[in-house]
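Subject: Structure for your files

Hello,

Here is the structure I said I would pass on. My notes on what turned up in it follow below.

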Amino acid sequence: MRILFNHFSFLYGCFMRFTRWRHFPLVSLALLLTLTLGLHLATISNPDVPLFDEQHYIPDARRIISGEGTQREEHPPLAKLIIVGGMEILGDNPWGWRLPAILLSTVSLAAFYDICRRLGTSNKTAFLATMLLGLDNLMFVHSGIAMLDVFLVVFTIFAFWCYMRGPRWWWLSAVSIGLASLCKFSGVFTAIPIGLHWFIIGYKKNMGTPTEEDQALTPTTLELISAFAEQAEPATPRALYNAFSFQNFSPNIMSAIEDSTETAPLIEIEPACQPVTELIPSKRQLLRSKFNKFWKVYSNPLTFIGSMLLAPIVFFLFYAIFDMCIWGHWAPDLLGKIMNALNSTGSIKFAYGVAFPSRPWEWLLSPTGSLYYYGRLFDPTNEKYATVLLGYWNSPTVTGMINPSIWLGGLLSFPYAIWHSFKRNNAAIFVVCWFIGIWLVWIPLALATDRMTYMFYFLPTVGAVALGLSLILTSWLKRAQNLAGGATKQVLKLAAASFLLVHLLSFCIISPLSLTISLPVCALLLIFALFYVGFGKHFTTQFIVSAGIAAMVMRFILYRPLYDKLVSDTAPWGLPEVSSLWVASTLIGIALTWILFLLIQLAIKRVTHIYTSQPNSLESA
């Protein structure tokens, strides 16, 4: 046993040395993307017939290929043409239908990772956010089928990524907004988070929460004195006013000046100088300073506004070009065609009982995406079970449901992001803007138009939930690291690790993948994430062993008694894997994991104490 432990310690030491390699974050991201891509390819041909709304878009793509045009004129043309392109290159088969969505969604995960990093988060936070997004069931399902929504998500993420790269990329961000709108008309909402974020804090490098490098460069009072001493102008009142101007010094220096003036004056003004009134700026100087401050904070407003105005130009220009590619001729009345498409898609009014619709506020309040269908399992009129989920396919089971962890995370991450946005945390501010612009805007729109909406309309917001959750998890870990020990530290670490366990386990159960494929991959990802994020070898080993034992107890001992007790004709939620059986199993499993973890810790401490105290007892004898 000791030899095995020594070998494990050696491998762990090698792994930790590898994590300190400066390119290790890119290696971890490549590993995550490779595994996600492999899971997609493992199920790309199952089923080998069109499922759910593929039954509309794949036949429509066949019509476009044959030169008959499109029958789905209520939607813009770009996403349909991408599906057509895949079928033209790879053939009219599952690979041709679904591979474009798989490849583009995988690339968008890499862009999402870089968005998290540019918002000031650490590599570990960005990795957790990308893992939560890539292994959410709703995101995974739509990333592997020929529907329009995943292409909307892809270009939305590309628009955010280009915006984060700075003013030179803003024009490409506007192009991405236009392309997102050419996939679905709701892609125009992409401009709202970008505009809100820019309006709140503007664009600056490392904006928001300062990084460690920025904090290390905060000047001291002596450095400020030397900086003033190097001014080219003599120490006149006008020179002092210019020296204190924000054009010459950063906000960090100005705040340090305010703090230092209470203890020691920087420069004494002699009576022989010019009158003190010279220190008071005129109204013209104040207006000029305010304009310069606005210009500096908002990083060239004309550049941003001009770039964003490019989005509608791209939309109308490429709408005409893509429409011509579909029909083979230019549309005589392009604006009228777009208005007819908007009227057609807006004419679908909300009505329960048809195609499992749901209201926008229900996407966060219900784990099934609908409060109406919640608890409606048994249909007494037909005397048979009726699913309460938006089912895409039966075998394999493909459902339009987010992971329960993401549903719970939406209830937590939005308030958390609002609270921390007041602390000028840049990532939290962008999460709030993302929620407002992509999800919250649907509520007044649905109330005003009574338009039919579905759970998968929440798909573009899952990235905001994933980023907010990763901020919460890393804050727990950071707080745990600052604690010397005790129950609070163990509870925080166990809570964060248990959340990742529930997320990956729920993905294994709900996703269309076979458990023989998803369980080993998710187990490896969980172990890697716990090591990489910094739980430590002892905690990770003990937690994985505890979770494994708890899972076997739940599967082989407690599953059947719980099933007989909880699953009945009136059982809530419908499917067993998302019913009260699932909730009870999860809660009992987590409780067993915590209990086993504590018992293993106590046993190890006891054995270690006996092993270390034995030589002393022998010597005393």
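Arginine 63 is partly exposed, at a relative accessible area of 24%. The bands used here are buried for under 20% relative accessible area, exposed for over 50%, and partly exposed in between, computed with a 1.4 Å probe on protein chains only. The side chain of arginine 63 forms a salt bridge with that of glutamate 68, at 3.1 Å from N to O; a salt bridge here is a side-chain nitrogen of Lys or Arg within 4 Å of a carboxyl oxygen of Asp or Glu. Glutamate 68 is also partly exposed, at 44%.

Before going further: this is a predicted model, in which local features need pLDDT of at least 70 and side-chain atom pairs count only at pLDDT 80 or more, while totals for chains, interfaces and linings use all residues. Residues are numbered from 1 along each chain as its sequence is written, and side-chain values use heavy atoms, with hydrogens and water left out.

Salt bridges

The search of the whole structure gives eight salt bridges. One of them joins the side chains of arginine 62 and aspartate 92, at 2.8 Å from N to O. Arginine 62 is in helix 3 (residues 54-65) and aspartate 92 is in the loop between helix 4 (78-90) and helix 5 (94-118), so this pair ties together parts 30 residues apart in sequence. Helices (H or I, at least four residues) and strands (E, at least two) are DSSP runs, numbered from the N terminus. Both partners are partly exposed: arginine 62 at 34% and aspartate 92 at 43%.

Another salt bridge pairs lysine 337 with aspartate 323, with the closest N and O atoms 2.9 Å apart. It links helix 18 (residues 334-346), which holds lysine 337, to helix 17 (residues 310-327), which holds aspartate 323, and the two residues are 14 apart. Aspartate 323 counts as buried, at 6% relative accessibility.

Helix packing

Which residues of helix 10 (residues 191-201) are buried? They are Pro193, Ile194, His197, Trp198 and Ile201.

Axes are lines fitted to C-alpha atoms, for helices over the stretch in contact, with angles from 0 to 180 degrees between N-to-C directions. In contact (heavy atoms within 4.5 Å) are Ala159, Phe160, Tyr163 and Met164 of helix 8 with Pro193, Ile194, His197 and Trp198 of helix 10.

Helix 20 (residues 404-421) and helix 24 (residues 487-510) pack at about 135 degrees with axes 8 Å apart, and are therefore oblique. Here Pro404, Ser405 and Ile406 of helix 20 meet Phe499, His503, Ser506 and Ile510 of helix 24.

Whole chain

The protein chain has 27 helices and four strands, and 48% of its 621 residues are buried.

Regards

Technical notes. Parallel < 35°, antiparallel > 145°, perpendicular 65-115°, else oblique.
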